[in-house]
Amino acid sequence: MDALSTDKGQVPEYFRYHQKTALLRTFLRHPMTRVGLPGLLIIAIAAVLGPLLVPYGADEPDLAAIFAVPSWSHWLGTDQLGRDLLARLLEGAQVSLSVAIIATLFATVLGCLYGFVAGMGPVWLDRIMMQFLDTLLSIPVLLLVIVAQAFGESSVLKVIAVIGLASWMGTARLMRTECRRLMAADYISAALVGGASQFRLAITHLLPNAAAPLLVVVTVGVGQAVLIESTLSFLNLGVPSTLPSWGNLLGNGMSSLLGGAWWMVLFPGLMIVFTVASINLVGDGLRDIVDPKRRAGL
Amino acid sequence: MTVKTPLLSINELSVTYGSGTDAVKAVRNLSCDIGCAEVVGLVGESGSGKSTVAQAILGLLDSDNSAISGRIEFSADNVLAYDSAQWRAVRGSRIGMLFQSPESSFNPVTTIGEQMLESLCWHKALSKAQAKTAAIKALSDVGMPRPDEVFHHYAFELSGGMCQRAALALAMSLQPSLLLADEPTASLDVVAQAELVRWMGRVQKQRQLAMLVISHDLNLIARLADRILVMYQGEILEQGPTRSVLENPQHDYTRALINAVPRLTKYPSISAGESLYQANTEEVQS
Amino acid sequence: MLRYLALRFGSAIPQLLLISLLAFIVMKAAPGSPVASLVGGREFMSATDFERVAGNLGLNEPLYTQYLTWLSNVLTGNWGYSIKDGRAVSEVIWVATLNTGLLIGIAGTGIVLISLLMGYVAGRWAQSPVDYAVSGLAHISFATPAFWLALLFILLFSVELDWLPSSGMVTLGQPDTWHTRLLHLVLPVLTIILAHAGPYIRLVRGSVRDVLSSDYYRAAVARGLPRRILLWRYELPNALTPFITWCGVSLPLLVGGTFVVEWVFSWPGIGQLFLKSAIGKNYTVLMAAVLVTGVMVILGNLIADLLVAWLNPKIRRQYGRA
């Protein structure tokens, strides 16, 4: 029968999708990615090159142009000290994005370690660790973060640490599931029976298997971290207020709100929405490739 | 078998999935008739387009993603021109269907009885009490032990074989004249398969039911079908009465299918098709 | 069912303990000795007096004894006094909890209704223009910080148009009628709904699509059942279970978002209290706010879980009908 099906020489559609180049092509062609990836590129280029292109410095006050409405000389207007909002936004992109990315990487390392221990360890340990995880997940993240920030002075490193500590749970759960699934797989059992070391097997097989779903979690995690950072900074509990992170800019905008300086509120928020939406779209695109059964939208 | 005016008549049916360069022709120029009380078996390996035929007959194909050409006539009515109200009147009450996975073809949040009631009340305009009597009778008609208990069960509480018989009862309670069975035994163990086939045969004889049995399992087809169609990559390769197709296959592919059936025989001299036919007809008659 | 209830309550106990531990740590980690804050500064008393007061307050006991004493105090409603104004914490917290409950209750109902409706429409007619519009909005909502939306609304509806009040529950110096209270609710509620509905809509859309592509749904269509039955007996009950689960799981997110919205609109709820005490380092109130929020979320989770169990015939059967 197999001979017959190759006779007519038709390779089923789904076989083609397993080739790497095709996978990349599907990813790039995915409607979500088509919107999200260019958005992400724009943000990245703006963050890196932007400060060089704007003729104003982020901390350059101009007392002659306080609360200037957006115009040709100040595209996005100025703040209460006459600082150019566009320059501050682009400088802020560097602050906000690097905080979010470093915090997410920290959370990923933490989550992988926790998940690995729970997934490879004895069942009783797994139970305890997962129960602890569930409990943590039932507490609002923001609550933990704010409590942590209520103690001591604020610094960039502390914000990164706190955001990282508040967002490793998803990765931990994923890693633990991957470990359990891997250890239950037939080819691993066969290798174990053959006398291979459990630890070495896990190291060599786990990463290739877990890399793809991990990438999705990390991508979406960066977006969430941007949101948490902006919230904290907005509440004056985040990055020191001397740094122009997006949240700080919004917090600053709130105090000028009743004066009607709408540009100070509108533009930093748009930046956040645009960034997070682009990241989420790319994450969705990735998820659809990694797990084609779950179609677009969730 | 007497073939009168055909109950179902398929003429030059083609189904294409997708469009442009991705288009896949699942069914090509398929024609066949099914008479009243006739059982036709549609055989082929997975991916050969068998299920698409059944879905086309009931209008279940997603019209956004597939294109149908040709004619399908049921009782001399072109069903491809039906609107949704006409479809509702035909589906279930005149053409019934059995699916491959019995447990997942029942709603997981309601009992089997409730699902029988909702169909009976809708199609037959019965009162709740009348419908319940009819449902329990339908369950006992397919040999369900303790039908009034099964009535209150959820699908996940029954074994696969019991579930499929409940699905058969549900389909038959609406008294269709044609039953489409899409791989009805594929997910059952051998004992449950034999049981199901026995009851399908019995019900078919009692009700003078026409059936289109779709399967890759030649044992099932040999036991039930009067006529066999062999399908490969969307096309009919050969067709004819069950006995002649099995004992004297004309096509290499059919021969390969028959030889692929595992059998317990002490007489290697008898050809594979012959033994398949004899083994299965004997069992039904006994 | 009773047995399941008991089982589920049992698993909530470690969660409650962890929350109480967290609150206790907030208390203990607060800088400055409670004795000092009691008498207004360490310099006002001798070292021996200080020790005596500390002993009377139980501060020389081992930590776990202190924790147990504190826990029994909390359980009997003795929550201490606010450092700021000396009011009983339990009283302050209670009023704030009611206010927050009102806000979350209304906004939560709105989110449930809107996401069920829009998610259903998007899932039923997937890949249609309506779906693209709804899904696009859901995506934007998912990426929008609630506090920013709040600021925009204030700018538009309060500063520019002057239609709606931007802060508090009542207008100072005006009679407190249900009408003004309603007006004060509009912007906070709208903000919470619009900033949070996104993931809910996407979830409903996904589970509706799952139902529509399921075997049992196809079988029901093949049985010629009318739309009415398909909708009420197949689509909704099956899409509802993952939705309720998600409502429970996402409760911490919703509560967190509400806190910030309360802050922007000066809504006198537990979130504002929480943030004020965190920024003003008012640790007794902060401790109480942590405790109340944690308990609220855990209880919400519990309710969602019980609802799901009640809707799921497998669990219902396993634990009997009682």
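# Meeting the model, one question at a time

Student: How many of the 10 residues in helix H7 (residues 141-150) of chain A are buried?

Tutor: This is a predicted model, where local features need pLDDT of at least 70 and side-chain atom pairs count only at pLDDT 80 or more, while totals for chains, interfaces and linings use all residues. Residues are numbered from 1 along each chain as its sequence is written, and chains are lettered from A and ligands numbered from 1 in the order in which they are written. H7 of chain A is mostly covered, and its buried count is eight.

Student: Which helices of chain C do the buried residues of H7(A) pack against?

Tutor: Those buried residues include Leu142(A), Val145(A) and Ile146(A). Within chain A they pack against H8 (156-166) and H11 (198-234). Over in chain C, their partners are H1 (2-29), H11 (251-265), H12 (270-279) and H13 (283-311).

Student: How many residues does chain C put into its contact with chain A?

Tutor: Two residues are in contact if their C-beta atoms, placed from the backbone, lie within 7 Å. Chain A brings 37 residues, and chain C brings 42.

Student: How many residues on the side of chain C that touches chain A are nonpolar?

Tutor: Ala, Val, Leu, Ile, Met, Phe, Trp, Tyr, Cys and Pro count as nonpolar, Asp, Glu, Lys and Arg as charged, and the others, Gly among them, as polar. That side has nine polar and four charged residues, and its nonpolar count is 29.

Student: Which helix gives the most to the side of chain C that touches chain B?

Tutor: This contact takes 19 residues from chain C and 26 from chain B. H9 (215-222), H10 (227-249) and H14 (313-318) of chain C each supply at least two residues to it. With six residues, the top giver is H9(C).

Student: Which are the edge strands of the open sheet in chain B?

Tutor: Two strands pair if DSSP finds at least two bridges between them. The four strands go in the order E2-E1-E4-E5, with antiparallel pairing. Edge strands each pair on one side only, and here they are E2 (24-34) and E5 (77-78).

Conventions: Buried ≥ 20, exposed ≤ 12 C-beta atoms within 10 Å, placed from the backbone.
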